[in-house]
Amino acid sequence: MIRAVVKNGVIQPTDPLPQAWSEGHEVLVTDSTVTDPEQWYREMEDEARGMDPQDGERLMAALATARAEAKELARNELRLP
């Protein structure tokens, strides 16, 4: 998800844009001001349905790598085998 703000009537991203987004790439902009938790949940479910299925796999692989690196760092700091 890319965050953006409205400035002088123009939507400006506050996050870097993906390299795959070339000039003219169409995006959908939604308002993040949600007061109804059920509405928020529905919006998150809609977003999840549009995700690339491999995104979840990449996330889990990155988490596993981070965990392994954290364990190794702790072992080194405590001088454990």
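## An exposed asparagine

At 77% relative accessibility, Asn8 counts as exposed, because exposed here means over 50%. Keep in mind as you look around that this is a predicted model.

Where does Asn8 lie? Its place is the loop between E1 and E2. The phi angle of Asn8 is near 55°, which is a positive value in a residue other than glycine.

## The hairpin around it

Strand E1 covers residues 4-7 and strand E2 covers residues 10-13. Together E1 and E2 form a hairpin, with 2 residues between them, and Asn8 is in the turn.

How do E1 and E2 run? They are antiparallel, and 4 bridges join them.

## Helix H1

Next comes helix H1, made of residues 37-49. Does its length match or differ from what its residue count predicts? At 1.5 Å a residue, the 13 residues of H1 should span 18 Å, and the end C-alpha atoms of H1 are 18 Å apart, so the two values agree. If you try this sum yourself, remember that the expected span is 1.5 Å times one less than the number of residues.

Look also at the start of H1, where Asp36 makes a contact: one of its side-chain oxygens reaches to within 3.1 Å of the backbone nitrogen of Glu38.

## The largest pocket

Which element gives the most to the lining? That is H1, with 6 residues. E1, E2 and H1 each supply at least two residues of the lining. By kind, the lining residues divide into 17 nonpolar, 5 polar and 7 charged.

Finally, turn to Arg79, in the segment after helix H2, which covers residues 53-78. The phi of Arg79 is near 55°, again a positive value in a residue other than glycine. Is Arg79 buried or exposed? With a relative accessible area of 76%, Arg79 is exposed, because that value passes the cut-off of over 50%.

Terms used. Residues numbered from 1 in each chain as written. Predicted model: local features only at pLDDT ≥ 70, side-chain atom pairs only at ≥ 80, totals over all residues. Heavy atoms only, no water. Nonpolar A, V, L, I, M, F, W, Y, C, P; charged D, E, K, R; others polar. Pairing = 2+ DSSP bridges. Polar contact = N/O pair within 3.5 Å; in protein donor to acceptor, adjacent residues only side chain to side chain. Buried < 20%, exposed > 50% of the residue type's maximum accessible area, 1.4 Å probe, protein only.
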